[in-house]
Amino acid sequence: MNNDTQKSFIKICLKAWNALKQPIIATVFGLLIGAVLILTTGENPINIYNQMFRKSFLEPYYLMQTLTRATPVIICAIATAAAWRAGNINIGVEGQMIIGSFTATACALYLSGPPIFVLTVSILLGMIAGALYSTIAAALNLRFGTSIVICTLMMNYIANYIASYFVNFPLKDPHGDPIAAQTAVIDKSLHFLKLSSRSTLNIGFLIAVGITLLFIFISQRAVFGYESKMTGLNPIFAHYGGVNQRQVTLKTMALSGAIAAVAGICEIFGVKYRYIDSMFVSGGYAWTGLMAALIANLDPVGMFFASTFLAGLQVGGQSIQRTSNIPYQMATVIQSCITLFVSVKLTFDFIKWKRHAKTGADKEAD
């Protein structure tokens, strides 16, 4: 290896370390806090972590369960990043997921025709519903200056209440579980193809991989991806570069909502086969996807692995609950600690970005 090759290799390693050091340090601190909490229960944290990660990522059955759990989380993380890259902090992925997947489920139940036609139309209408729902917050922001963060957060509750009404009354399955409000099961011909007969892993995981690759292409090669990135990094520079920021806001929010809908559709058509009241609220897919997006700093490849890691924590947490005194919620505590440590730097970065944007606006006004 000559000197130039060595310098290039060292440069690549330093660049990779700079990109990964924050999530790695945050993960280590999160695991250390989890270890302290495990010690308080009288268990050995090394044995618990060994059991948790061995089951989640090394044993075939649990690995497939991890990938099944990771599927909607990966897609939710991409949906979050699609809006955040343009500076639109979309907290409403959960609500867009609910509206999109519920629309797709209703179409699948009542639309008639060949299975491929019903499946295609149901997915498309679900994506359109998710996109339209997310653009409400964007339209309110552009017309009245309301906060996208607050609007999207509040619209999560509205979406869940709307779906809950339909599931409890007009679309409730009278022959189903009398305790849980749910729709009827969609026809078997519409179920996503399983990738293994031993688990619920299905082609939804391949869809998540495809969305990740498509997002990388749009981010790095498409004009829209460049415009949204520039708008997020420096809106003044983007404005002088001829970027229509209103269109970017509407398009990125619509794209985010459509992707969020796919996350819910994959869970229903691939795993549950029906819409169950509050299934996405209790599942926490959107919030876990938000954590993955923050941990990976919106990098699509990083989000894929961060989502899989967080899903593995949850699957491993469920498995250790059955064999030890450690509750399932321990995995959630570790996830929250990791996100907290990552958020510290993101908060400082956001404050610096706001100061920079304000300084630029003041100069423009002068």
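Predicted model: local features only at pLDDT ≥ 70, side-chain atom pairs only at ≥ 80, totals over all residues.

Reader: Good. Is N168 buried, partly exposed or exposed?

Author: N168 is partly exposed, at 26% relative accessibility. The cut-offs are under 20% relative accessible area for buried and over 50% for exposed, with partly exposed in between (1.4 Å probe, protein chains only).

Reader: What's N168 in contact with, beyond its neighbours in sequence?

Author: Leaving aside neighbours within four places in sequence, N168 is in contact with A181 and D277. Contact means heavy atoms within 4.5 Å. With D277 there is also a polar contact between the side chains, at 3.2 Å. A polar contact is a pair of N or O atoms within 3.5 Å; within protein, one must be able to donate a hydrogen and the other to accept it, and residues adjacent in sequence count only if both atoms are side-chain atoms. Separately, a polar atom of the N168 side chain lies 2.7 Å from the backbone oxygen of S164.

Reader: And how far apart are the C-alpha atoms of N168 and Q182?

Author: They are separated by 7.1 Å, with the two residues 14 apart along the chain.

Reader: OK, zoom out to α6. How many residues, and what span?

Author: α6 has 21 residues and reaches 30 Å from its first C-alpha to its last, close to the 30 Å expected at 1.5 Å a residue. The expected span is 1.5 Å times one less than the number of residues. At the start of α6, a side-chain oxygen of S147 comes to within 3.2 Å of the backbone nitrogen of V149.

Reader: Which residues of α6 are buried, and what covers them?

Author: The buried ones include I148, C151, M155, N160 and V167. The cover includes α4 (93-110), α5 (115-144), α10, α11 and α12.

Reader: Switching to charges. How many salt bridges are there?

Author: A search of the whole structure finds three, where a salt bridge is a side-chain nitrogen of Lys or Arg within 4 Å of a carboxyl oxygen of Asp or Glu. One is D173 with R274, the closest N and O atoms being 3.5 Å apart. That pair links distant parts of the chain, 101 residues apart: D173 is in the loop between α6 (148-168) and α7 (204-221), and R274 is in the loop between α10 (245-272) and α11 (279-283). D173 is buried at 14% relative accessibility, and R274 is buried at 16%.

Reader: Which residues are joined into one network?

Author: R54, K55 and E59, through salt bridges that share partners. E59 meets R54 at 2.9 Å, N to O, and K55 meets E59 at 3.8 Å.

Reader: What about the largest nonpolar core, which residues touch the most other members?

Author: I75, F269, Y275, F280 and M303, out of 85 residues. A nonpolar core is a set of buried Ala, Val, Leu, Ile, Met, Phe, Trp, Tyr and Cys residues joined through side-chain atoms within 4.5 Å. Helix α3 (residues 60-84) gives the most to this core, with 13 residues. Apart from that core lies another of five residues, among them A86 and M230.

Reader: Last thing, backbone. What is phi of N297?

Author: Phi of N297 is near 55°, a positive value in a residue other than glycine. L298 has a positive phi too, about 70°. L298 is found in the loop between α12 and α13. Most residues other than glycine have a negative phi.

Terms used:
Residues numbered from 1 in each chain as written. Heavy atoms only, no water. Helix = DSSP H or I, 4+ residues; strand = E, 2+ residues; numbered from the N terminus.
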